[in-house]
Amino acid sequence: MNKKVIISLIVALTMVLSLGLAACSQPAAQASEAPVSQAPASEAAPASEEAPASEAPASDAAPASDAAKTAKDPKDMVFGAVHMSLGNPHFVLWSEGLHEVIDAKGGKLIEADSQFDANKQLTQVEDMIQQKCDVILISPVDSKGIKPALEACQKAGIPVIIMDVEAADEDLVTSTVATDNVSAGKLLAEAMLKEVGDKGASIGVIDLSISDTVRRRTEGFESVMKDHPEIKVVQRQDADPTVEAALPVMENYLQSNPEITQMFCINDMQALGALSACEGAKRTDIKIYGIDGSQDAMKKIKEGKLMGTSAQFPKKMGTIAADYCYKIANGESVEKKTLVPSEWINKDNVDQFLK
């Protein structure tokens, strides 16, 4: 074989070997590119593997997200307060307590004055429902008669806070804020006993038996007096808790039962009405006791014209109830019943409370 032929064969073999190696290296190149092209997929895999862990927080966060959607800013909250009577200084102070908190935190307070009219109160509660209040506060004119209003609130999904005058149907109420009225009645009875001593007494009572609050006051009073047969209730009649309503009742007592020596009035307004009737009849010998701790009553106590009063703290109760409004509107729990202690005020300590 000549030299040229050998060289040609070597060149041909070299070309064949090069082509073979090129063909074998091509899949290798694709294989090396595959991890690169799959790299995002392999990075995505941990992400998808972590998804259950990331979903767990997401599912935990969902209620918080939902709560954020449903929870209102305090400034957007609307509360309704239906007062038994804003003609009574006691409920004016309740209103001041509500405003103290709501004006500071933000929100809107809609108020209505029922003026001791139970039917009017039912209509006012319906109006509050129509205005879509977040919470409705009520001081019932009639503890039992308020039930249709409470049922209407429940149907509308609106929580109710009872102010001061407890409702008979507590299962329809989210919370009650009131004075410890049994204690208030006991304080009054104990003060009367101390004044009467062993002499005995004939008592007149101006009552308001449709009110659970008043029933608790009389319950406390009677729990003390039951062990003192020398002290007798000789006359009892219902009247609205106003000066105007109590005055003619007392005038009748003075005619029908002139032996009365002590008067138990279920609030200060009644006590002031009884005092006016006694002064008109020049019966300054009759000792008159009230419940509330109103400024007008305390002035008469200082003058020696009223014996004393079991003080309530309506402004404080108003602030407590207002705080509960925000908690309830945000789905938080509150006390089912909050009773604020009473304190006896007489001539010995009246200066501490008189403004």
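Predicted model: local features only at pLDDT ≥ 70, side-chain atom pairs only at ≥ 80, totals over all residues.
Residues are numbered from 1 along each chain as its sequence is written, and side-chain values use heavy atoms, with hydrogens and water left out.

I begin with the chain as a whole. The protein chain holds ten helices and twelve strands; these are DSSP runs numbered from the N terminus, with helices being H or I of at least four residues and strands E of at least two. Of its 355 residues, 43% count as buried, where buried means under 20% relative accessible area, exposed over 50%, and partly exposed in between, with a 1.4 Å probe and protein chains only. Among contacts in the chain with a separation of 6 or more, 74% are between residues 24 or more positions apart; contact here means heavy atoms within 4.5 Å.

Now to the first pair of helices. Helix 7, residues 243-256, packs with helix 8, residues 268-280, at an angle of about 45 degrees, and their axes are 7 Å apart. Axes are lines fitted to C-alpha atoms, for helices over the stretch in contact, and angles run from 0 to 180 degrees between N-to-C directions. Helix 7 and helix 8 are therefore oblique to each other. Helix 7 contributes residues including Leu-247, Met-250 and Leu-254 to the contact, and helix 8 contributes, among others, Leu-272, Gly-273 and Ala-277. By class, this contact has ten nonpolar, three polar and one charged residues. Ala, Val, Leu, Ile, Met, Phe, Trp, Tyr, Cys and Pro count as nonpolar, Asp, Glu, Lys and Arg as charged, and the others, Gly among them, as polar.

The second pair is helix 5 with helix 6, residues 212-225; their axes come within 7 Å and cross at roughly 40 degrees. That makes helix 5 oblique to helix 6. The contact includes Lys-186, Leu-188 and Glu-190 of helix 5, and Arg-216, Arg-217 and Phe-221 of helix 6. Its residues divide into eight nonpolar, five polar and five charged. The crossing of helix 5 and helix 6 is also right-handed.

Helix 5 itself spans residues 181-196, and Leu-188, Ala-189 and Met-192 are among its buried residues. After helix 5 comes Gly-197, with a positive phi near 65 degrees.

Which strand holds Thr-179? Thr-179 lies in strand 5, residues 175-179, and counts as buried at 1% relative accessibility. Thr-179 and Met-317 are 138 residues apart in sequence, yet 8.1 Å apart in space, C-alpha to C-alpha.

Finally, two residues other than glycine have positive phi values. Lys-132, with phi near 55 degrees, lies in the loop between helix 3 (118-130) and strand 3 (135-138), and is exposed at a relative accessible area of 65%. Asp-292, with phi near 155 degrees, is found in strand 9, residues 287-292, and is buried at 7%.

How values were computed
Expected span 1.5 Å × (residues − 1). Parallel < 35°, antiparallel > 145°, perpendicular 65-115°, else oblique. Left-handed = near helix turned anticlockwise from the far one by under 90°.
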